[in-house]
Each structure stands twice: as structure tokens, then as C-alpha cells.
Amino acid sequence: MDDLTQAKAAARKAAFARRKDAKSSDKDAAAVAHLLEVVLPYKGRALSGYLPIRTEIDPVPVMAAMAAWGPVCVPVIKAKGQPLEFHRWEPGCKMVDGGFGTFVPASAEVIVPEVLIVPLVAFDRKGGRLGYGGGFYDRTLEGLRAGGNVTAIGYAFAAQEAKGLPLEQTDQPLDAIITDEGVLRMKNIQPRSCA
Ligand SMILES: Nc1nc2c(c(=O)[nH]1)N(C=O)[C@@H](CNc1ccc(C(=O)N[C@@H](CCC(=O)O)C(=O)O)cc1)CN2
Ligand SMILES: Nc1ncnc2c1ncn2[C@@H]1O[C@H](COP(=O)(O)OP(=O)(O)OP(=O)(O)O)[C@@H](O)[C@H]1O
């Protein structure tokens, strides 16, 4: 293992432990209010969320609210080393095993998200992000960004912040990070239009 990979593994392990300690319904609820405030201006746009696994912070209440206005989707793993695909999700829709401990919608309607609520293990104040180490979101954001304007919103407990993450060329930065403590904006992510 090279030094960077080793440093990433150590940062991931430490943040995992902090995330586990932070996980609580009070913090989930506090963060939902901040997340809703940031995504509401994008109502009607294609939005991706995720169904929480392990001790991830839960964005489902926000996804359910946004589904009243526009398409909401969740990530689906196609294969190792490939970008994620996103399939339409609706509150209460039938889910099936998607591998890697995930559940995915039984009906596979592909959506290309413009705004993404991105799960993570660790973040830093500059928008750096570490996930589970598959490079899935990195490849996905790279592809989506090459195709146009997308907004990537990291969602995490404040305790998942790291002082400065070991990052590499392929790591895609976040445009904002929402936590139970508030909103960190890396760029102006106001909508082009709300019409
Ligand atoms: N809620 C949620 N859904 C998601 C993601 C996510 O981060 N959160 N993903 C974001 O990409 C994808 C799932 N990615 C995952 C990648 C690795 C592992 C995982 O458990 N890895 C093992 C090693 C597995 C192996 O290599 O065989 C591990 O970390 O111990 C889980 C999910 C799609 N859906
Ligand atoms: N766009 C890309 N093209 C090729 N390789 C990539 C790309 N993005 C990431 N990788 C590779 O994938 C591997 C895992 O990346 P990394 O450790 O950054 O994952 P992660 O950000 O923690 O995971 P994820 O994005 O799935 O949440 C690394 O070896 C990285 O170099």
C-alpha cells in the first residue's frame, strides 16, 4: 500500500468511529432542516439522495419532500471501477438488494441527477471528501461534471470533519457540506432560476 492509500485508510477509519459515535436521531433531525433549506431552491430538478447504510446520516425525509416537486433518485452500482447509475426513487417504493449492503428501487428507471446529496465517511472544510474507497462517487461526479452543471452536496455529521484530508487528483470536491451544525458553502450554489 502506498503512503497516500495508507493515509486515506487511516483517515477513513478514524472518521468512521466518530460517525458511529455521532449517529443519533436528534442530529439527523437537526441536519435535515439545514439540508432542506439548501435543496429547496432546486425543487423540480433531478435530485439524487441515498438510503443510509451503516451509520450514515439519513437524508430520506428531505428526499421524500423533494419528490413532491421533481424526480428523486438513488445510486446503483453497475460494476467495480464504473460510475454509479441513478434510478428513480419514490417514498415507499419497492426496493431490492443492490449488492454492497445497499437496496435499490425494483423498477430501474434511469435518471441523470443535477443535484446530488453525497454520502461520505470524512470531509474537510475545503470540500475534500472520502467515501468507502470504491471511487464510485469520484468517477460519477467526474462524468456528470464533464456533461454540464451539477451541484454536489456532501451530507454528514459535523463530527466527520477531518483537519485536512489526504487527497489525490481523482478526488472530486464537494460544492457544499451540510451537517447537523449548519451549512458550509464552497461556491455559490444558488439556483440559476426557480421558475
Ligand atoms: N447509502 C449509500 N449508498 C450507496 C453508496 C454510499 O456510499 N452510501 N455508495 C457510494 O459509493 C455506493 C455503494 N458503495 C459501497 C462501496 C463499498 C462498500 C463496502 O462495504 N466496502 C467494503 C469493502 C468491500 C469490498 O471491497 O469487497 C468495506 O469498506 O469494508 C459499501 C458500499 C452506492 N450506494
Ligand atoms: N475518475 C477516476 N478514474 C480512475 N480512477 C479513479 C477515479 N476516481 C477514483 N479512482 C480510483 O478509485 C480508487 C478509490 O478512490 P477513493 O479512495 O478516492 O474512493 P472514495 O472517494 O473513498 O470512494 P467513493 O467515491 O466511492 O465514495 C482510487 O484508487 C482512485 O485512484
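**The whole protein**

Start with everything shown, and keep in mind that the model is predicted. The protein contains four helices and 11 strands. Its radius of gyration is 16 Å, close to the 16 Å that the globule rule gives for 195 residues, so the protein is as compact as a globular protein of that length. The C-alpha trace spans about 45 × 35 × 35 Å along the principal axes. Colour by burial, and 35% of the 195 residues count as buried. Among contacts with a separation of 6 or more, 65% are between residues 24 or more positions apart.

**The sheet**

Next, select the strands of the open sheet. In which order do its seven strands lie? The order is β3-β2-β1-β6-β9-β10-β11, and the pairing is mixed. The edges are β3 (85-89) and β11 (182-185); each has a single partner strand, so one side of each is left without a neighbour in the sheet.

Strands of a sheet pair through backbone hydrogen bonds, either parallel or antiparallel. Select β1, residues 47-48, together with β2, residues 72-76: the two run parallel and are joined by two bridges. Within this pair, L47 stands opposite V72.

The bridge partner of L116 in β9 is A152.

Show the side chains of β6. In a regular strand the side chains alternate between the two faces of the sheet. Are the faces of β6 covered or uncovered? Both are covered: V115 and I117 lie on one side, L116 and V118 on the other, and all four are buried.

**One residue: L130**

Select L130, which lies in strand β8, residues 129-130. Is L130 buried or exposed? L130 is buried, because 22 other C-beta atoms lie within 10 Å, and the cut-off for a buried residue is 20 or more. Leaving aside neighbours within four places in sequence, the contacts of L130 are K8, A11, R12, L120, V121, A122 and L165. Take L120 from that list: L120 and L130 are 10 residues apart along the chain, and their C-alpha atoms are separated by 6.0 Å.

**Ligand 1**

Select ligand 1 and the 18 residues around it. Which of them come nearest? They are Y50, F100, P119, Y132 and F136. By class, the shell around ligand 1 has 12 nonpolar residues, five polar and one charged.

**Ligand 2**

Finish at ligand 2, which has 15 residues around it. G131, G135, F136, D138 and T170 come nearest to ligand 2. Which element gives the largest share of this shell? Helix α4, residues 136-147, supplies five residues. The shell around ligand 2 divides into four nonpolar, five polar and six charged residues.

Definitions and conventions. Residues numbered from 1 in each chain as written. Chains lettered and ligands numbered in written order. Predicted model: local features only at pLDDT ≥ 70, side-chain atom pairs only at ≥ 80, totals over all residues. Rg over C-alpha atoms; globule rule 2.2 N^0.38 Å. Buried ≥ 20, exposed ≤ 12 C-beta atoms within 10 Å, placed from the backbone. Contact = placed C-beta atoms within 7 Å. Near = placed C-beta within 6 Å. Nonpolar A, V, L, I, M, F, W, Y, C, P; charged D, E, K, R; others polar. Pairing = 2+ DSSP bridges.
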